[in-house]
Amino acid sequence: MAQAIYLLDTNTVSFIIRGQPVHVRERLSSVPMASVSISAITEAELLHGLAKNPSAKRLHTAVREFLIRVTALPWDSTAAEAYAHLRAKSEKLGKSLSNMDMLIAAHAMASDAILVTNDRAFYQFSDLIQLEDWTTPA
């Protein structure tokens, strides 16, 4: 059986970097780091946060240290195809996500990954995306 791939959304990464809630770090430590990744879209969001806060030295260090330790999956044609289908379906059903969240969700679909998030907006697509919330005890 193949090892699960966990794709952390931006909120989850923020929890890890801040160390709160503690359940997120506990869950992270219970899975092999080789199975943990982020989308290139999440990486872009993290770097955007740094660009907006150039004087936040501790934040810069924490984010850069995190990015060294996790694989950022590249956005590719498979992800683009998943995005097209997810967005078309969401428009047809009248459901919505922010643009960046739609890209992250599509990336999880394309990677056959479990999207780790506590953002309830993603759960309206739980029939298409595997989801886990690490902010609550297992």
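T10 sits in helix α1, residues 10-18. Helices here are DSSP runs of H or I with at least four residues, strands are runs of E with at least two, and both are numbered from the N terminus. This is a predicted model, in which local features need pLDDT of at least 70, side-chain atom pairs count only at pLDDT 80 or more, and totals for chains, interfaces and linings use all residues. Residues are numbered from 1 along each chain as its sequence is written, and side-chain values use heavy atoms, with hydrogens and water left out.

**Around T10**

- T10 counts as buried because its relative accessibility is 15%. Buried means under 20% relative accessible area, exposed means over 50%, and partly exposed lies in between, with a 1.4 Å probe and protein chains only.
- The T10 side chain makes a polar contact with the side chain of T42, at 3.4 Å. A polar contact is a pair of N or O atoms within 3.5 Å; within protein, one must be able to donate a hydrogen and the other to accept it, and residues adjacent in sequence count only if both atoms are side-chain atoms.
- Which residues are in contact with T10, leaving aside neighbours within four places in sequence? They are T42, E45, L46 and I104. Contact means heavy atoms within 4.5 Å.

**Helix α3**

- Helix α3 covers residues 40-52 and has 13 residues. From first C-alpha to last it reaches 18 Å, close to the 18 Å expected at 1.5 Å a residue. The expected span is 1.5 Å times one less than the number of residues.
- The buried residues of α3 include T42 and L46, both of which are also contacts of T10. I41 and L50 are buried too.
- Cover for the buried residues of α3 includes β1 (6-8), α1, β2 (36-39), α4 (57-69) and α6.
- At the start of α3, a side-chain oxygen of S39 comes within 3.0 Å of the backbone nitrogen of I41.

**Salt bridges**

- How many salt bridges does a search of the whole structure find? It finds five. A salt bridge is a side-chain nitrogen of Lys or Arg within 4 Å of a carboxyl oxygen of Asp or Glu.
- Side chains of opposite charge can pair when their charged atoms come close.
- E132 is partly exposed, with a relative accessible area of 22%. R27 also counts as partly exposed, at 22% relative accessibility.
- E91 and R87 meet in a salt bridge at 3.0 Å, N to O. They are separated by about one helical turn because they lie four residues apart in helix α5 (residues 77-93).
- E91 counts as exposed at 51% relative accessibility, whereas R87 is partly exposed at 37%.
- K89 and D127 also meet in a salt bridge, at 3.6 Å, N to O. This pair links distant parts of the chain: K89 is in helix α5, D127 is in the loop between β4 (114-116) and β5, and they are 38 residues apart.
- K89 is partly exposed, with a relative accessible area of 31%. D127 is exposed, at 55%.

**Around A113**

- A113 lies in the loop between α6 (99-111) and β4.
- Is A113 buried or exposed? A113 counts as buried, at 2% relative accessibility.
- Not counting residues up to four places away in sequence, A113 touches I5, L7, A108 and Q130.
- A113 and V36 are 77 residues apart in sequence, yet 9.5 Å apart in space, C-alpha to C-alpha.

**The whole chain**

- The chain has six helices and five strands. From the N terminus on, the elements run β-α-α-β-α-α-β-α-α-β-β.
- Along the principal axes, the C-alpha atoms fill a box of roughly 45 × 35 × 25 Å.
- Of the 138 residues, 40% count as buried.
- Among contacts between residues at least 6 apart in sequence, 66% join residues at least 24 apart.
- The accessible surface comes to about 7,700 Å², and 54% of that belongs to carbon and sulfur atoms. Accessible areas come from the Shrake-Rupley method with a 1.4 Å probe; for residues, only the protein chains shown count as cover.
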